[in-house]
Amino acid sequence: MADDRPNPSAPTACKLWLRYAKRGKLRFASHRDIARLFERAVRKAELPIAYSQGFSPHPKLSWIGAAPTGTASEAEYVEIGLTESVEPDSIAERLGSALPGDVAVLQVVTAGEGALADRMLASRWRITVPVPDDASLEDAVAALLDAEEVIVPRRTKSGLKDIDVRHACVSIKVEPVSESFPQVSGHVAKQPPGEGVPKAPGYGILEVVVRQMTPTVRPDDVLRALHVVTGHEWFGGPAKASRIAQGPLDDAGQLVDPLVGDRMSST
Amino acid sequence: MSVSSVYPALEELLPRVSKPVQYIGSELGATVKEWDSTTVRWALMYPDAYEVGLPNQGVMILYEILNEIPDVLAERTYSVWPDLEELMREHGVPQFTVDAHRPVGAFDLLGVSFATELGYTNLLTALDLAGIPLHAEDRDDSHPLVIAGGHAAFNPEPIADFVDAAVLGDGEEAVIELTAIVRDHKHEGREALLERFAATGNVYVPRFYEAGYDQETGRLAGTTPNRAAAPEQVSKRTTMDLDQWPYPRKPLVPLAESVHERMSVEIFRGCTRGCRFCQAGMITRPVRERSLQGIGEMVDNGLKHSGFEEVGLLSLSSADHSEIGDLAKQLADRYEGTNTGLSLPSTRVDAFNIDLANELTRNGRRSGLTFAPEGGSERIRKVINKTVSEEDLIRTVSAAYAQGWRQVKLYFMCGLPTETDEDVLQIAEMARNVIRAGREAAGRKDIRCTISIGGFVPKPHTPFQWAAQCDPDIVDARLKKLRTEVNADRSLGRSIGMRYHDGKPSLIEGLLSRGDRRVGAVIEAVWREGGRFDGWHEYFSYERWMRCGDEALRPHGVDVAFFTTRERAEDEVLPWDHLDSGLDKQWLWDDWCDALDEQEQDDCRWTPCFDCGVCPSMGTEIEMGPTGRTLLPITPV
C-alpha cells in the first residue's frame, strides 16, 4: 500500500527561504507564538518537513531575527528544511492556506549561498507616533541626528545594557501622513475619515533604517532616544511600528532585497 | 442595535500588559458572526486566565454547538489579569469577548463554566468590568442573564446572589433548550424567562427559592421554592449517546501558549470506580462510552484541522474504556512514523496500563508515567475506595522502568477522613520501594519518582460531604513530617522529588464548596478588598479570606469552621439537598459509613448494580462496549 505520509526521519534534502508578514492583531503574538503557529501549519499543510534527530525531534524551522512582540512586520524570514525537493511556489500556497489571514507568506525561494541571517544587516521600520504636528517630529528627528551618541538603557537577559541608538540609525525621516504606503494596523481606527467623528489626536510617521547590532535596536528604543534628546512625553504614548524591509545595505546606505539574487536563480 | 468592537480602545492598552496575545483571539477554529443577523447571543466565560480557560472542553463544546445554530452567536471571554484590569478601569474599556471584542454586557446570556470554586472572585471582576450589577436582583432587562454551569454548579449556593440561574449536569442539550426559550420569549422580560428556565426542571434559579436557618444552631433548615414555576428538586441533565455529540469538531487552537499543547478527545463521560473523594465521578454517572469509530473520526478530523502534534484521550479514568487496548493499538498503527503523540491522562495503577503506554509511545517519546494511588497506606486507600495494593503498584512501576520509562509520578492526597500521620508517612515508604524496585528493574540508578500531594477538599454529592475537613495546620505538619521522612534515607531520597502546596487554599476551597448562601457575603468582601485569581498562589490571600470570612459570617452566628472543619450529622439539611445529581442520599450516607468501616465498593460496570440511585432517577443507563468494531481506516491515496 502506497504511503505518502511525510517521513520524519529522512534527512534534509532541500532548504527554502521564506518571507512572511505578521499584521493586524497578530502583532501581539510573540516570536514563540509565531513559531508554534508555523509548526502546526506545516503539519496541517502536510509539507515534507525534516525533523531534527534525537529524543525529542523538532521540525526544521530556523528563525532569523524576529520582530518584537507588539510590532507588525512585512519582512520576517524563516528557513525551512524539507526531506524532498519541492517547487517553492507551491509551498507558498499550501502553507499560506494553513496560516491565519494575518500571517501572509510573501515570497519563497530555494536557499542560496551562506546563512540568510548574514544578509540581514539592517531593517526599515515605519513607526506611528502620537505627536502634535509634523514640525515637532521634524525637530525631534533633527535633534537625534545632530547628536554624537544617544544612550538608552535596555533590559537584556544579562541585565541593563546601554545601547547607542544614534549609532544604529542609518537614516531617519518623517513621512507625510497622507501618503498611502503599507499601513500600520489600526490607522483607520485612529483617524476615521467620516464626518462628525471627533478628530483623534494627531500622529506622525517616522521611517527609520536601523543597523543590525547586538543587542538589536528596536522601534521603542528609537522612540526612547527621541524622548532623551527632546524630553517630549509623547514619545512614550501608544506608538505602532511595522518592519517594512530587512536585508543588506548597499554602498549608498540603501536597503536591498535579501532574496533578490536567489529569486532569479530559482525561477 | 448593533454593537461595536472595543478593540480600538483595547489595542492602545495591550502594549502595556504582559502577554497581550491572550487578549486578541484569532484562534484557529474561532467563529465570528454578524451581530445583527443573529437573534440569541451567548457570551461564554471560563473564569480564569486565557491559558487555562482556552483548552477547557466544556466551553469549547458549547461554543461550537451554539455557533452551529444559524441565528445564534456565541463568543468567549476569559479573566483579564490585574495589569489589564487596572488599565481597562482607567480607560473605560469593558469586559470583552476575544472573538469579536464585543462588550459582554451587550449579550443576552453570559454562561460561566466553573470547574473550581476558586473562580468565584473572578466572576465578580468580570461582571463588574462588564457593567453588570453584581447582585442578580439589581439587574434589569438590559443586562445579560448570568448562568453558572460546570461541576461547581452542583452547589451554587455561595454564588446564589450573583447568578441568575445554574444549569445542572451536561450542557449540550441544556444550552439549546435555553436558547430556544430566549429566542421565543425574549420580549416577555427577564423574570418571565427565568420562570420558563426553572420550569424545565433542570435549571436552578436561586431567587425562586428561600433558604431558612435554625436560629439556635445556625444550621440550614431548608431551601424551598417561593413560586409555582420552581420545582422542589432541580435535576441534572445527562447527555446520552456521545457518538451523537462529536464535539469539539474543530478544536480551538490558540496563538498563545496554553496549559495543554494538545487536542483532546473525550473517550467516555462518567465514572463508576466509586472513589469516595471524587465529585466528578459521583455527579457524572452513568458511564457513557464513545465508540471506537467515533473516537477514531474525532482524532483524525481534529488533527487535520488543528495541526496539533499530540492527542489526549480524555476521561476520568481513560484506561477503563472497554476497548482501550484495541483503540491504543489501532491509533498507534495509524499514526506510526508521523511524530504524532498520543497520551492517556488519568490512568490507574495497573500493569495493563504500561502496555497501553508503551503502545502509545511507540515513536520513542517515553518521558514520564503518572499514577494516582491517592493514599499512602492500604488502610486509607480502603477508606477512599481506591483499591490498589502496594505489591501491584511496585509490580507496575517496575515493569515501567524495565521498559525504558525513567520517571514515575505518583499523586496523593493529604487530609483525608480518618487519616493519621502514619498513613501519610507511608507515602515515603512507598516511594522508596518504588525507587528500590525501579533501580533493580532498570539496571541503572538515574530513575526518578516524584510524589505530588494535594490537600483533600470534601465536596457536595459525595460520600465525604458529611466529613470534617482537615485543619490546614495538621495537613502542613503532616507534609513537613513526610518531607523529613523522604529525606531520611539519602541514597533513595535523592531520587524522590516531592511537590505539594500548603493546606490553606484547600480550606477556602472547602468553604466555597460546601458553603450556603451566607458565604456569598464573604466572596464579595474578599473581592472588594482586591481578591482575584484565587487559584494562583501569587494572588491567593488566606489572611484576607479568613478575616472577611469571620466578619461576614459573624452576624449569622457561624464561622469558617462551621462550613469546613465541622462534621455534619446524618439528619442535617445540606445546602444542595434540593439539587439532584441522581445519587440517593441514603446510599451516599451508607457509603460514608462503609468508608469509616474501611469497606470497599465495587464498580457497577463489572458487578451488579449497587443502587446508587442515578440510573433509575435520571432515566439513564450505562452505555459501554465492546462494539467489536475497528477504527474506520483512513484511506491512503
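**Entry 1. Helix α4 of chain B**

I take a residue as buried when its relative accessible area is under 20%, and as exposed when that value is over 50%. The model I am reading is predicted.

With that cut-off I went through helix α4 of chain B, residues 82-91, and found B:L84, B:E85, B:L87 and B:M88 buried. These residues lie on the same side of α4(B), because the arc they cover around the axis is only 170 degrees. I noted the general rule beside this: an α-helix has 3.6 residues a turn, so residues three or four places apart point the same way. On the other side of α4(B) I found B:E86 and B:E90 exposed.

Next I looked up what the buried side packs against. The partners of the buried residues of α4(B) are α1 (7-13) and α5 (120-130) of chain B. After α4(B) comes B:G92, with a positive phi near 65 degrees.

**Entry 2. Domains of chain B**

I looked up the division of chain B. Domain 1 runs over 7-213, while domain 2 is made of 238-342 + 352-360 + 602-637. I noted 28 Å between the C-alpha centres of the two domains of chain B. How many residues of domain 1 of chain B are in contact with domain 2 of chain B? The count is 28, and they meet 27 residues of domain 2.

I picked B:I65, which sits in helix α3 (residues 57-68) of chain B. Is B:I65 buried or exposed? It is buried, at a relative accessible area of 4%. I set aside its neighbours within four places in sequence and listed the contacts of B:I65: B:E172, B:V175, B:I176, B:W245 and B:Y247.

I then followed B:E172. B:E172 forms a salt bridge with B:R269, and the closest N and O atoms are 2.7 Å apart. This pair links distant parts of the chain, 97 residues apart: B:E172 belongs to helix α6 (residues 172-185) of chain B and B:R269 to strand β11 (residues 268-269) of chain B. I found both B:E172 and B:R269 buried.

**Entry 3. Other salt bridges**

The side chains of B:D320 and B:R605 meet in a salt bridge at 3.5 Å, N to O. These two are 285 residues apart, B:D320 in the loop between β13 (310-314) and α10 (324-334) of chain B and B:R605 in the loop between α21 and α22 of chain B. B:D320 and B:R605 are both buried. I also noted a network in which salt bridges with shared partners join B:R139, B:D164, B:R190, B:E191, B:E195, B:R207 and B:R227.

The second pair is B:E188 with B:R196, a salt bridge of 3.0 Å, N to O. B:E188 is partly exposed at 34% relative accessibility, and B:R196 is partly exposed at 35%.

**Entry 4. A nonpolar patch**

On the surface I found a nonpolar patch formed by B:W606, B:I622 and B:M624, with about 270 Å² of accessible area together. B:W606 lies in the loop between α21 (585-596) and α22 (614-618) of chain B. Its relative accessible area is 48%, so I recorded B:W606 as partly exposed.

I looked up cis peptide bonds. One joins A:T214 to A:P215, with omega near -10 degrees; A:P215 is in the loop between β9 (204-211) and α6 (219-230) of chain A. Another joins B:R285 and B:P286, with omega about -5 degrees. B:P286 is in the loop between α8 (279-283) and β12 (288-289) of chain B.

I also looked for positive phi. B:D241 is not a glycine, yet its phi is positive, about 55 degrees. I placed B:D241 in the loop between β9 (234-235) and β10 (263-266) of chain B, and its relative accessible area of 33% makes it partly exposed. B:E374, also not a glycine, has a positive phi of about 65 degrees. B:E374 is in strand β15 (residues 368-374) of chain B and is buried, at 12% relative accessible area.

**Entry 5. Chain A totals**

For chain A I counted 7 helices and 10 strands. Of its 267 residues, 48% are buried. Among contacts in chain A between residues at least 6 apart in sequence, 77% join residues at least 24 apart. Its accessible surface is about 12800 Å², with 52% belonging to carbon and sulfur atoms.

Technical notes
Residues are numbered from 1 along each chain as its sequence is written. Chains are lettered from A and ligands numbered from 1 in the order in which they are written. This is a predicted model: local features need pLDDT of at least 70, side-chain atom pairs count only at pLDDT 80 or more; totals for chains, interfaces and linings use all residues. Side-chain values use heavy atoms; hydrogens and water are left out. Buried means under 20% relative accessible area, exposed over 50%, partly exposed in between (1.4 Å probe, protein chains only). Helices (H or I, at least four residues) and strands (E, at least two) are DSSP runs, numbered from the N terminus. The arc is that of the directions from the helix axis to the C-beta atoms. Contact means heavy atoms within 4.5 Å. Patches are made of residues with over 30% relative accessible area and no salt bridge: like charges are joined within 9 Å, nonpolar side chains (Val, Leu, Ile, Met, Phe, Trp, Tyr) within 5 Å. Accessible areas come from the Shrake-Rupley method with a 1.4 Å probe; for residues, only the protein chains shown count as cover. A salt bridge is a side-chain nitrogen of Lys or Arg within 4 Å of a carboxyl oxygen of Asp or Glu. Domain bounds come from an automatic or database domain assignment.
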